[in-house]
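Subject: Structure for you to look at

Hello,

Here is the structure I promised to hand over. Please open it first, then read my notes below.

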Amino acid sequence: MWKYYAILSAVFAALTAIFAKIGIKNVDSNLATAIRTCVILFITWGIVFASNSINGIKELTKMNWVFLILSGVATGLSWLFYFKALQLGDASKVAPIDKLSVVFTIFLSFIILKETVSWKVILGGLLIAGGSLVILMDKQ
């Protein structure tokens with residue numbers, strides 16, 4: 001089931017790039033990111049309340065809080081840089097380079113989380129890195 005969610009994530013990430021590129025025309029990228037964040041805030045808290053997941057907040061540990069906050073900071077910075085890159089560059093180039101995050105995730109999951117990494121995952125990561133490097137070397 002996780003694969004379906006991952007594919008849906010990729011589809012909506014693609015739509016994010018296209019919609020954002022159109023939406024940030026003549027708009028400060030930081031303001032655009034703030035508006036996007038507000039939309040996400042309302043949607044996610046709406047889902048939390050609708051699904052009655054709010055009760056789980058009492059069960060969060062200090063460690064949960066620390067790492068969820070760090071994840072939020074990383075997400076916010078990622079979005080700010082992504083929107084700035086989209087404002088300055090082509091979506092068809094920015095989005096694939098942004099996907100270098102997959103390569104970084106593979107590496108960090110091995111180093112920090114001690115996950116096992118198969119040769120297929122390594123090969124896939126190398127192909128993503130290679131594709132991103134080809135795009136980075138484009139002079140346009």
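First, a term. Helices (H or I, at least four residues) and strands (E, at least two) are DSSP runs, numbered from the N terminus. Now the ground rules. This is a predicted model, in which local features need pLDDT of at least 70, side-chain atom pairs count only at pLDDT 80 or more, and totals for chains, interfaces and linings use all residues. Residues are numbered from 1 along each chain as its sequence is written, and side-chain values use heavy atoms, with hydrogens and water left out.

Confidence

pLDDT is the predictor's confidence in each residue, from 0 to 100. The chain has a mean pLDDT of 93. In it, 100% of residues reach 70 or more. Helix α2 (residues 29–50) has the highest confidence, at 96. Helix α1 (residues 2–23) has the lowest, at a mean of 90.

Overall layout

The chain has 6 helices and 0 strands. Along the sequence the pattern is α-α-α-α-α-α. Its C-alpha atoms fill a box of roughly 50 × 45 × 25 Å, taken along the principal axes.

Two more terms come in here. Buried means under 20% relative accessible area, exposed over 50%, and partly exposed in between (1.4 Å probe, protein chains only). Contact means heavy atoms within 4.5 Å. Of the 140 residues in the chain, 15% are buried. Among contacts with a separation of 6 or more, 72% join residues 24 or more positions apart.

What the record says

UniProt positions are given in the numbering used here, feature names are shortened, and annotations may be inferred rather than shown by experiment. The unreviewed UniProt entry lists "domain: EamA" for residues 4–136. In the model, that span is 80% helix and 0% strand. Its end C-alpha atoms lie 30 Å apart.

The unreviewed UniProt entry also gives "transmembrane region" for residues 6–24, 31–51, 63–82 and 119–137. I looked at two of these spans. Residues 6–24 are 95% helix and 0% strand, with end C-alpha atoms 26 Å apart. Residues 31–51 are 95% helix and 0% strand, and there the end C-alpha atoms are 30 Å apart.

Where α5 meets α6

Helix α5 (residues 100–111) packs with helix α6 (residues 119–136) at an angle of about 145°. Their axes are 8 Å apart. Axes are lines fitted to C-alpha atoms, for helices over the stretch in contact, and angles run from 0 to 180 degrees between N-to-C directions. The crossing of α5 and α6 is left-handed. That word applies if the near helix is turned anticlockwise from the far one by less than a right angle; clockwise is right-handed.

From α5, the contact uses L100, V102, V103 and I106. From α6, it uses V121, G125, I128, A129 and S132. By class, that gives 7 nonpolar, 2 polar and no charged residues. Here Ala, Val, Leu, Ile, Met, Phe, Trp, Tyr, Cys and Pro count as nonpolar, Asp, Glu, Lys and Arg as charged, and the others, Gly among them, as polar.

I106 lies in α5. Leaving aside its neighbours within four places in sequence, I106 touches V117, V121 and G125. I106 and K25 are 81 residues apart along the chain, and their C-alpha atoms are separated by 34 Å.

L127 lies in α6. L127 counts as exposed because its relative accessibility is 60%. L127 and V103 are 24 residues apart in sequence and 9.4 Å apart in space, C-alpha to C-alpha.

Buried spots

A20 is in helix α1. Its relative accessibility is 8%, so A20 counts as buried. Beyond its neighbours within four places in sequence, A20 contacts L15, F83 and L86. A20 and Y82 are 62 residues apart in sequence and 9.7 Å apart in space, C-alpha to C-alpha.

In helix α4 (residues 91–98), A91, K93, V94 and A95 are buried. Their cover includes α1, α3 (62–88) and α6.

Two loop residues

Most residues other than glycine have a negative phi. N26 has a positive phi, near 65°. N26 sits in the loop between α1 and α2. N26 is exposed because its relative accessibility is 76%. K114 also has a positive phi, near 60°. K114 is in the loop between α5 and α6. With a relative accessible area of 66%, K114 is exposed.

Best wishes
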